[in-house]
Amino acid sequence: MKFENQTVIVTGGTRGIGRGISTAFLKEGANVIATYAGNDAAAMKFKEEMNTDKLTVKKCDVRDENAVITFFNELETTHPKVEVLVNNSGIRKDQVTAMMNLSEWNDVINTNLTGTFLMSKHAVLKMMSNRYGRIVNMSSIGGQLGLPGQANYAASKAGQIAISKTLSKEVAKRGITVNNVLPGFIDTELLADLPEEQRKEYMKDVPMKRFGKVEEVAAAVLFLASKEASYITGACLEISGGL
């Protein structure tokens, strides 16, 4: 129970990789606040399935600073201390660059990158007073590989790494670490919408010849969020099967 009595925020924490991360923290005794953008049914289903008062699901638009400020203000009464933030909220809107419209670009950048900035900014303000904190950004191997059709996604994920490098230096003296987990191809709904031929092509590129499991990503997040990872900051941990 490494995270007993700790408060952990997981953005996009009710589905896919986020759900797996939330579940892993709950198993380790954490009080988890899992945010979601708009799928009330999925959030309520997750809450019911977990059946524990240690899980709170809360709607929050991470792109909107007023919504983020409201989220943290409301948190003050129930969870005055926040030990861990996992920036997991993310979307994909794939299109070749020459055909990508501004809306497709902005939607991905605002959710993946601006959301990380806003949540980190306000979480750090809480963590600094306690001189302790762990921020883990769910970046992607795509931010380094630059897969075709993902200029917006790759830019947002590379941006998360850049923010982490800067923020980690700004808050290191306060006992706060900021790191990145870079998943490769993980078997979630984000891959489920790909054509079967494309799935096969992606799998051929993976030296381990399989897609990763959500649990394998969650294990990496828990390590970087732990007290044992106290001398790791500004780092990237790839969970990619050798890509």
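The model is predicted: local features need pLDDT of at least 70, side-chain atom pairs count only at pLDDT 80 or more, and totals for chains, interfaces and linings use all residues. Residues are numbered from 1 along each chain as its sequence is written, and side-chain values use heavy atoms, with hydrogens and water left out.

**Stop 1: the cores**

Select Ile21, Phe25, Val32, Val181 and Val221. Of the 31 residues in the largest nonpolar core, these touch the most other members. A nonpolar core is a set of buried Ala, Val, Leu, Ile, Met, Phe, Trp, Tyr and Cys residues joined through side-chain atoms within 4.5 Å. Buried means under 20% relative accessible area, exposed means over 50%, and partly exposed lies in between (1.4 Å probe, protein chains only).

Now colour the elements that each supply at least two residues of this core: strand 1 (7–10), helix 1 (16–27), strand 2 (31–36), helix 2 (40–50), strand 3 (55–59), strand 4 (84–87), strand 5 (133–138) and helix 9 (214–224). Helices (H or I, at least four residues) and strands (E, at least two) are DSSP runs, numbered from the N terminus. Helix 9 gives the largest share of the core, seven residues. Apart from this core lies another, of 20 residues, among them Ile9, Val62, Leu75 and Met119.

Go back to Val181. Leaving aside neighbours within four places in sequence, Val181 is in contact with residues including Val136, Met138, Val217, Val221, Leu237 and Ile239. Contact means heavy atoms within 4.5 Å.

**Stop 2: helix 6**

Select residues 151–171. Helix 6 has 21 residues and reaches 30 Å from its first C-alpha to its last, close to the 30 Å expected at 1.5 Å a residue. The expected span is 1.5 Å times one less than the number of residues. Show the buried residues of helix 6, including Tyr153, Ile161, Leu167 and Val171. What do the buried residues of helix 6 pack against? They pack against strand 4, helix 4 (102–130), strand 5, helix 5 (142–145), strand 6 (176–183) and strand 7 (236–239).

**Stop 3: the pockets and the cavity**

Spaces come from a 1 Å grid over the protein atoms alone: a cavity is a set of points where a 1.4 Å probe fits but cannot get out, a pocket is an open set with protein on both sides within 12 Å along at least five of seven lines, and lining residues have an atom within 4 Å of a point. Grid points are joined across faces, edges and corners, and a volume is the space filled by probe spheres set on the points.

Centre on Asn88, Ser89, Gly90, Ile91 and Leu190. Of the 41 residues that line the largest pocket, these are the closest to its centre. About 970 Å³ of space lies in this pocket. Helix 1, helix 6 and helix 7 (189–192) each supply at least two lining residues. The lining divides into 18 nonpolar, 16 polar and seven charged residues. Ala, Val, Leu, Ile, Met, Phe, Trp, Tyr, Cys and Pro count as nonpolar, Asp, Glu, Lys and Arg as charged, and the others, Gly among them, as polar.

Next, select Gly20, Thr23, Ala24, Lys27, Val214, Glu215, Ala218, Ala219 and Leu222. They line the second largest pocket, which has a volume of about 180 Å³. Helix 9 gives the most to this lining, with five residues.

Then select Thr11, Val62, Asn87, Asn88, Ser89, Thr111, Asn112, Gly115 and Thr116. They line the largest cavity, with a volume of about 30 Å³. Helix 4 gives the most to this lining, with four residues. The lining has one nonpolar, eight polar and no charged residues.

**Stop 4: single residues**

Phe71 lies in helix 3 (residues 65–78). Is Phe71 buried or exposed? It counts as buried because its relative accessibility is 2%. Not counting residues up to four places away in sequence, Phe71 touches Ile9, Ile33, Thr35, Lys58, Cys60 and Met119.

Met128 lies in helix 4. Its relative accessibility is 26%, so Met128 counts as partly exposed. Beyond its neighbours within four places in sequence, Met128 is in contact with Arg174 and Ile176.

Finish on backbone angles. Asn5, in the segment before strand 1, has phi near 70 degrees, a positive value in a residue other than glycine. At 61% relative accessibility, Asn5 counts as exposed. Lys209 sits in the loop between helix 8 (196–205) and helix 9. Its phi is near 60 degrees, a positive value in a residue other than glycine.
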